[in-house]
Amino acid sequence: MNQLKKTINVGMLGLGTVGTGVAKVLTANAHSIAQKVGAPVILKKVLVRNPDKPRQVDLGDAVTTDLEAILGDPDIDIVVEVMGGEQPAKDYVIRALTAGKHVVTANKDVLAKYGRDLFSAAAEKSVDLLFEASVGGGIPIIRPLKQCLAGNKIREVMGIVNGTTNYMLTRMTNDKMDYAAVLAEAQQKGYAEADPTADVGGFDAARKIAILASIAFGTRVTLDDVSVEGITGITTQDIEYAGELGYVIKLLAIASESDRGVDVRVHPAFIPKSHPLAAVQDVFNAIFVKGDAVGETMFYGRGAGEMPTASAVVADIIDVARDIQHGVASRILCTCFDNKPLCPIDKTESPYYIRLLVEDKPGVLAAIAGAFGAQQVSLNSVIQKRKVDNLAEIVLITYRVSGANMRLALGTLGGMPTVNKISSVIRVVAAE
Ligand code: NAP
Ligand code: HSE
């Protein structure tokens, strides 16, 4: 029988939003956590940049600016990295693993780019590396994919994994606010950063779907492998037309596998109002997973924030602590056993919504239909909407078409003198 430790000591890197939540949860739930682990879990040292900053939690002498006080302390069992950013977080995590510490991290930036390096370092030292909070904040999704759904062949992972953009699209849909006004509001509420590029540009979601795709399909997917389009081009006009056609617009992170390869992308999409993801409002996140055995499942909750994110981090700490008490570690490290090809964006397939401004005269619609037809793009519906400065606004929904054929058809359309403007091109998630 393994000798139980009398305490499990944690060294934390960072005491910002998430770190503060972790400290609060470890204190508030200390008794039940100790019962679950078989020993108290103690926050022994916490690394910060500025020791003079006022803090919401009083950790006394535990606060330090000396990394070695954590990495060099043989009594610290688990290092929790909640600093964020790529560097020096990546180096600190590698150094912690190399020093034989188990690591819990919430850092999607590092995982989506350097996951392989981190897992190699953890395997080298036979230590745990857990990262539940890196995707979906408080929503359990990493552990479900790695453990609860491990018996499945995963068909598709499709999620709303960025709260800021979901809040913005919700306000644009429900309250008809325009993009600029709703972005300003999201910044004022503290959802969007002063530089909102990572959220509105889709890169935050791209990091998260790279992590999920790697697990779901057992092959390493990095940020650079994800095709990314954000919500900056979405207008209230498109949202209104989506509603009339029975859809809502959501920023979706999608990963699927077919004989064309592993397809990983982030883009706004029309999603049927009847789809479970269509009902996900405000800053909430949800991840919809299809497995061959389980069928459809959905994981829903708060994708960010102090306490929800701390919930996931503390669960990982407890998991590691239980491993320590049982004398086991690194049971589930890297699960990228394969090296699968990626599906090039030209080979991806989807129906599309297209909004055009065209000259309002006989033969124009037929010419447009012809341009699509020449590239094997079949039209599902064509609706003439309003007049804009003597031009006709046309809304088309296509059947499923490859990215390449759509690109060629749009190229032809863009060169037609009767087509004044291609206002919007948005993928449609087909109702099953
Ligand atoms: P944050 O509020 O900016 O806090 C960062 C903390 O790290 C601060 O305490 C800061 O110290 C410390 N820090 C940063 N660089 C440092 C350095 N070079 N040396 C020492 N300390 C350093 O960040 P956060 O929002 O808590 O996010 C932490 C991580 O969790 C990120 O990876 C993020 O992506 C992830 N995450 C966050 C959320 C969320 O809702 N916030 C949700 C899911 C995942 P000072 O306090 O002294 O400045
Ligand atoms: N910026 C992210 C969001 C939260 O808006 O969902 C951290 O992952």
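Predicted model: local features only at pLDDT ≥ 70, side-chain atom pairs only at ≥ 80, totals over all residues.
Reader: Fine. How many helices and strands are in the chain?

Author: Helices (H or I, at least four residues) and strands (E, at least two) are DSSP runs, numbered from the N terminus. Here the chain has 14 helices and 18 strands. The radius of gyration is taken over C-alpha atoms, and the globule rule is 2.2 Å times the number of residues to the power 0.38. The chain comes out at 24 Å, close to the 22 Å that the rule gives for 432 residues, so it is as compact as a globular protein of that length. The C-alpha trace spans about 85 × 45 × 35 Å along its principal axes.

Reader: And how many of the 432 residues count as buried?

Author: Buried means under 20% relative accessible area, exposed over 50%, and partly exposed in between (1.4 Å probe, protein chains only). By that cut-off, 54% of the 432 residues are buried.

Reader: On to sheets. In what order do the six strands of the open sheet run?

Author: Strands of a sheet pair through backbone hydrogen bonds, either parallel or antiparallel. Two strands count as paired if DSSP finds at least two bridges between them. In this open sheet the order is β3-β2-β1-β4-β5-β6, with parallel pairing. β3 (63-64) and β6 (129-130) stand at the edges with a single partner strand each, so one side of each is left without a neighbour in the sheet. For one pair in detail, take β1 (residues 8-13) and β2 (residues 41-47), which are joined in the parallel sense over six bridges; Gly 11 has Lys 45 in β2 as its bridge partner.

Reader: Which strands pair with β14 in the antiparallel sense?

Author: β18 (residues 419-428) does, over seven bridges, and β16 (residues 391-398) does too, over seven bridges. Leu 356 is bridged to Ile 422 in β18, while Val 358 is bridged to Ala 392 in β16. β14 itself (residues 352-359) is mostly covered, with seven of its eight residues buried.

Reader: Now the ligands. Which residues come nearest to ligand 1?

Author: A residue is near a molecule if one of its heavy atoms lies within 4 Å of it. Ligand 1 has 22 residues around it, and Leu 15, Asn 50, Lys 53, Arg 55 and Gly 305 come nearest. For polar contacts, look for a pair of N or O atoms within 3.5 Å; within protein, one must be able to donate a hydrogen and the other to accept it, and residues adjacent in sequence count only if both atoms are side-chain atoms. Oxygen atoms of ligand 1 meet the backbone at Gly 16, at 3.0 Å, at Arg 49, at 2.9 Å, and at Asn 50, at 2.7 Å. The protein covers 80% of the 890 Å² of accessible area that ligand 1 has on its own.

Reader: Which residues surround ligand 2?

Author: They are Lys 108, Asn 162, Gly 163, Thr 164, Asp 199, Asp 204, Lys 208 and Ala 304. Here the polar contacts involve side chains: an oxygen atom of ligand 2 is 3.1 Å from an N or O atom of Lys 108, the Asn 162 distance is 3.4 Å, and the Thr 164 distance is 2.5 Å. The protein covers 76% of the 260 Å² of accessible area that ligand 2 has on its own.

Reader: Last one: where is the cis peptide bond, and which residues have a positive phi?

Author: Most residues other than glycine have a negative phi, and most peptide bonds are trans. The cis bond joins Gln 87 and Pro 88, with omega about 5°, and Pro 88 sits in the loop between β4 (78-81) and α4 (89-98). Gln 376 has a positive phi near 65°; this residue is in the loop between α13 (364-374) and β15 (379-388) and is exposed at 62% relative accessibility. Asn 390 has a positive phi of about 70°, lies in the loop between β15 and β16, and is exposed at 68% relative accessibility.

Notes: Residues numbered from 1 in each chain as written. Chains lettered and ligands numbered in written order. Heavy atoms only, no water. Areas by Shrake-Rupley, 256 points an atom, 1.4 Å probe, with all protein chains shown as cover.
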